Amino acid sequence: MKVVVEEPRCVAAGQCVLIAPEVFDQRDEDGIVILLEESPGPELHDAVRESAVACPAAAIHTVAS
């Protein structure tokens with residue numbers, strides 16, 4: 001799985017960081033999401049999918065790899 005974040009759509013809600021802190025973080029200056037792991041291991045796939053659903057801006061997408 002590859003994770004794609006549409007940074008311009010991010011509203012800095014931070015839901016993804018709460019759900020999958022191993023994959024996502026936020027910039028200090030504006031709270032916009034930072035992708036820590038573009039291709040997370042299988043053990044994180046469920047958390048990434050949950051983060052995508054929870055994102056209020058629909059800025060997180062997954063692509064099969």
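Buried residues (under 20% relative accessible area; exposed is over 50%, partly exposed in between, with a 1.4 Å probe and protein chains only) make up 34% of the 65 residues in the protein chain.

User: What kind of model is this, and how are residues numbered?

Analyst: It's a predicted model, where local features need pLDDT of at least 70, side-chain atom pairs count only at pLDDT 80 or more, and totals for chains, interfaces and linings use all residues. Residues are numbered from 1 along each chain as its sequence is written, and side-chain values use heavy atoms, leaving out hydrogens and water.

User: In what order do the elements of the protein chain run?

Analyst: Helices (H or I, at least four residues) and strands (E, at least two) are DSSP runs, numbered from the N terminus. Here the chain has two helices and four strands, running β-α-β-β-α-β from the N terminus on.

User: Which residues of helix α2 are buried?

Analyst: In α2 (residues 45-54), those are His45, Ala47, Val48 and Ser51. Down the helix axis they fall within an arc of 165 degrees (using directions from the axis to the C-beta atoms), so they line one face. On the other side, Asp46 and Val53 are exposed.

User: What do the buried residues of α2 pack against?

Analyst: Contact means heavy atoms within 4.5 Å. The buried residues of α2 pack against β1 (2-5), α1 (15-19), β2 (24-26) and β4 (60-63).

User: How many positive and negative side chains are there?

Analyst: Lys and Arg count as positive, Asp and Glu as negative; His and chain ends aren't counted. Each charge is placed at NZ of Lys, CZ of Arg, CG of Asp or CD of Glu. This chain has 4 positive and 12 negative side chains, with the centres of the two sets 8 Å apart.
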